[in-house]
Number of protein chains: 4
Amino acid sequence: MQAFSDGVFAIAITLLVLDLAVPARDQVGAGGLGSALAHQWPSYFAYLVSFLVIGIIWVNHHTMFSMVNLVDRSVLFANLGLLLVVSALPFPTRLLAEYLTAGADAHIAAAVYSTTMLAMGVAYSVLWIAVTRDVGLLHKHVDPVAARAALRRFGLGNIAYLATIGLSFVNAIATLAVHGALALYYCFDQLATPHAGRPDDDTG
Amino acid sequence: MQAFSDGVFAIAITLLVLDLAVPARDQVGAGGLGSALAHQWPSYFAYLVSFLVIGIIWVNHHTMFSMVNLVDRSVLFANLGLLLVVSALPFPTRLLAEYLTAGADAHIAAAVYSTTMLAMGVAYSVLWIAVTRDVGLLHKHVDPVAARAALRRFGLGNIAYLATIGLSFVNAIATLAVHGALALYYCFDQLATPHAGRPDDDTG
Amino acid sequence: MQAFSDGVFAIAITLLVLDLAVPARDQVGAGGLGSALAHQWPSYFAYLVSFLVIGIIWVNHHTMFSMVNLVDRSVLFANLGLLLVVSALPFPTRLLAEYLTAGADAHIAAAVYSTTMLAMGVAYSVLWIAVTRDVGLLHKHVDPVAARAALRRFGLGNIAYLATIGLSFVNAIATLAVHGALALYYCFDQLATPHAGRPDDDTG
Amino acid sequence: MQAFSDGVFAIAITLLVLDLAVPARDQVGAGGLGSALAHQWPSYFAYLVSFLVIGIIWVNHHTMFSMVNLVDRSVLFANLGLLLVVSALPFPTRLLAEYLTAGADAHIAAAVYSTTMLAMGVAYSVLWIAVTRDVGLLHKHVDPVAARAALRRFGLGNIAYLATIGLSFVNAIATLAVHGALALYYCFDQLATPHAGRPDDDTG
């Protein structure tokens with residue numbers, strides 16, 4: 001399952017580059033290519049945030065499964081739910097890049113993006129519940145109390161994602177910035193040992 | 001072989017997102033982006049069903065190969081046949097998304113989609129026959145009688161796929177819904193232990 | 001190296017589906033979608049042949065590396081050369097699909113396709129030389145005499161690919177058919193045991 | 001982590017083929033398809049250089065991680081930084097292919113391409129620092145002095161990349177050629193044993 005999930009994460013994160021359009025030669029105005037590229041800043045911004053989000057989710061996904069000993073049907077389908085949201089992410093990214101500076105439609109695009117992020121947070125929490133609901137699925141050294149605390153922390157993240165849907169109708173650019181900040185936050189507040197399930201693994 | 005197959009499944013499932021088109025700015029009408037996006041519901045519907053289908057096929061593929069001990073040339077090429085259909089799936093998905101509400105052409109698109117599903121079912125059955133035809137290819141603990149019963153069950157699924165080709169000419173939207181329902185059915189009626197070939201693996 | 005190579009094979013084979021274009025709604029003529037799809041037969045034909053070619057190359061690549069014990073720098077770069085041709089294959093495939101029925105330009109497209117196939121055959125032979133040039137790189141049970149015989153067989157295939165470049169200027173459709181036939185030929189005349197390097201592996 | 005990284009490298013290298021456009025039938029002029037294809041030489045040139053660059057980076061990445069025993073959070077995020085640049089590479093490649101012969105805009109495109117290469121070199125050096133900063137992360141047999149010497153060598157490469165940004169404003173085609181030459185240079189001046197961490201691994 002890890003190989004398939006890694007594949008989906010790797011492909012979704014790499015497909016984001018298709019959202020970066022090369023300006024057509026006949027559409028480059030008087031300012032030349034430099035100005036045409038600068039004009040595309042919403043694409044780079046959305047690309048960067050979505051790359052960060054998928055990267056963080058992948059790191060956390062890895063961390064989660066380093067605790068897992070057995071995988072049952074519920075975990076398998078909860079995982080498929082998360083992969084559905086991850087693999088769909090290039091679409092709202094392209095949408096937001098296209099409409100970030102489009103007036104009223106920017107709010108719609110930002111709301112779609114934020115809703116996708118909420119769906120990702122919820123899918124991650126559901127997977128986390130599926131994994132920790134049965135102590136028999138986890139490795140022996142995993143502490144169920146710490147696992148439940150991590151779940152509560154993720155729950156708080158989901159409330160933040162919900163708030164960004166509201167923020168979308170106020171300011172689309174700020175919404176995208178907040179998603180970038182939330183991704184950076186998850187870099188630093190994350191589950192414990194990232195690798196191999198060995199207690200002395202994290203030397204950082 | 002598993003790594004290559006997992007790769008094809010993961011890429012085909014992730015390439016589906018390229019079928020979701022961002023409405024061009026100058027084609028968004030008076031209703032704004034929201035209405036333009038809502039108008040694209042056939043794309044989301046087709047995306048969801050195809051994602052589910054590839055996901056289920058992948059889970060079943062994994063289950064099948066957890067029973068397999070040795071792989072010979074016949075299995076290799078039967079597997080390539082299944083991958084051919086899986087990797088082609090983004091095409092009928094895009095086709096159906098584009099034509100689902102296009103009057104008479106919707107029937108053609110739905111029939112192409114249903115035929116692809118039938119081809120997938122047949123390719124899966126052929127692979128299943130290739131794998132179970134020789135007891136020496138399977139792990140010791142696999143029961144040949146149960147394996148043959150599973151094959152019969154898949155055969156029934158193929159008759160259902162055949163029926164959806166007929167249904168395509170009656171109602172294209174209903175046809176897509178039936179494919180979604182069939183995929184969900186395969187979630188719950190599936191081969192036994194999903195992982196690692198250990199008898200105590202499924203704790204669900 | 002196998003994981004990276006498998007990835008490139010899997011992606012190249014799956015990207016071929018992007019060469020299958022959905023007819024635009026306003027370009028479907030009086031004959032309806034069915035006739036528009038039928039009109040695209042060169043795309044399906046080229047898709048099928050290229051899928052088969054990459055699939056066969058992958059199987060043979062796997063077979064080759066099941067004999068290899070150590071990988072040095074020369075093998076690594078010879079492998080990169082093969083992957084370059086494999087990953088470029090969607091381009092001549094799309095080209096031939098677009099121009100197969102385009103009169104004089106069909107010959108050019110077929111010649112480009114055939115040249116790519118020749119490049120693939122040569123790259124495969126070079127990799128095979130890199131792998132077998134030093135007995136120390138191979139597993140103990142591999143017979144160097146049989147390995148050299150296989151190389152001669154591949155050399156013959158390259159002459160066939162060279163001939164298809166000439167054939168391209170006679171008949172483009174026949175050229176594509178010959179490439180399909182050559183791929184099928186390689187299905188049945190191939191190196192010995194496909195898996196795991198165990199002598200009793202192939203039960204077919 | 002290796003599986004995810006291999007996936008991103010493999011996908012980025014294979015997505016480059018999407019930058020090779022098939023000339024539209026109605027845009028092929030009096031010279032026919034042959035002349036239209038020849039006219040696209042900047043696409044093939046940029047494709048080749050970018051393929052080589054990603055291929056070399058992948059080989060070096062593999063070499064680096066064959067020395068690594070443990071992976072901590074810093075390494076994980078430094079690696080994500082490198083993957084960000086690698087997965088973005090198809091964009092400047094397409095840009096340079098489109099504008100290589102476009103007069104003044106060619107300089108901009110070449111500068112963007114060179115800046116991406118510099119970012120890749122810096123990201124690689126940062127990852128190298130993250131990996132070698134703590135002797136406890138490396139396998140026992142790795143020599144820290146040699147590791148630091150390799151870092152200095154990479155640092156020199158970054159100065160070369162910086163110089164290509166200046167060269168971009170003189171001659172775009174020469175800039176692309178220099179990037180090809182730098183990639184070839186990295187083929188031959190590279191860290192020691194490429195595989196498996198066994199001292200007798202490199203028989204080349």
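This is a predicted model: local features need pLDDT of at least 70, side-chain atom pairs count only at pLDDT 80 or more; totals for chains, interfaces and linings use all residues.
Chain D can be laid on chain A by a turn of 90° and a shift of 0.0 Å along the axis, with an RMSD of 0.0 Å. Residues are numbered from 1 along each chain as its sequence is written, while chains are lettered from A and ligands numbered from 1 in the order in which they are written.

Two copies of a chain are related by a rotation about an axis and a shift along it. For chain A and chain B, the rotation is 90° and the shift along its axis is 0.0 Å, again with an RMSD of 0.0 Å. That is the relation of a four-fold axis.

Which chains touch? Two residues are in contact if their C-beta atoms, placed from the backbone, lie within 7 Å. By this rule, 32 residues of chain D are in contact with 27 residues of chain A. On the side of chain D that touches chain A, at least two residues each come from α1 (2–15), α4 (73–88), α5 (90–99) and α6 (104–132) of chain D. Helices here are DSSP runs (H or I, at least four residues) and strands are runs of E (at least two), numbered from the N terminus. The most residues on that side, 8, are given by α4(D).

The contact between chain A and chain B takes 32 residues from chain A and 27 residues from chain B. Of the residues on the side of chain A that touches chain B, 22 are nonpolar, 4 polar and 6 charged. In this count, Ala, Val, Leu, Ile, Met, Phe, Trp, Tyr, Cys and Pro are nonpolar, Asp, Glu, Lys and Arg are charged, and the others, Gly among them, are polar. Only 9% of the interface residues of chain A are also interface residues in chain B, so the copies meet through different surfaces.

Other pairs of chains stay apart. Chain A and chain C do not touch, and their nearest C-alpha atoms are 9 Å apart. Likewise, no contact joins chain B and chain D, whose closest C-alpha atoms lie 9 Å apart.

Now take one chain by itself. Chain A has 8 helices and 0 strands. Its C-alpha atoms fill a box of roughly 65 × 35 × 30 Å, taken along the principal axes. Of the 204 residues in chain A, 48% are buried, meaning that 20 or more other C-beta atoms lie within 10 Å of the residue's own, with C-beta atoms placed from the backbone. Among contacts in chain A between residues at least 6 apart in sequence, 80% join residues at least 24 apart.

UniProt, in an unreviewed entry, places the feature "transmembrane region" at residues 39–58, 70–91, 111–131 and 159–186 of chain A. Residues 39–58 of chain A are 90% helix and 0% strand, with end C-alpha atoms 31 Å apart. Residues 159–186 of chain A are 89% helix and 0% strand, and their end C-alpha atoms lie 14 Å apart.

In chain B, helix α7 (residues 144–168) has 25 residues and reaches 37 Å from its first C-alpha to its last, close to the expected 36 Å. The expected span is 1.5 Å times one less than the number of residues. Within α7(B), the residues B:Ala150, B:Tyr161, B:Thr164 and B:Ser168 are buried.

Terms used
Copies are superposed by least squares on the C-alpha atoms of residues with pLDDT of at least 70 in both. A residue is buried if 20 or more other C-beta atoms lie within 10 Å of its own, exposed if 12 or fewer, and partly exposed in between; C-beta atoms are placed from the backbone. UniProt positions are given in the numbering used here, feature names are shortened, and annotations may be inferred rather than shown by experiment.
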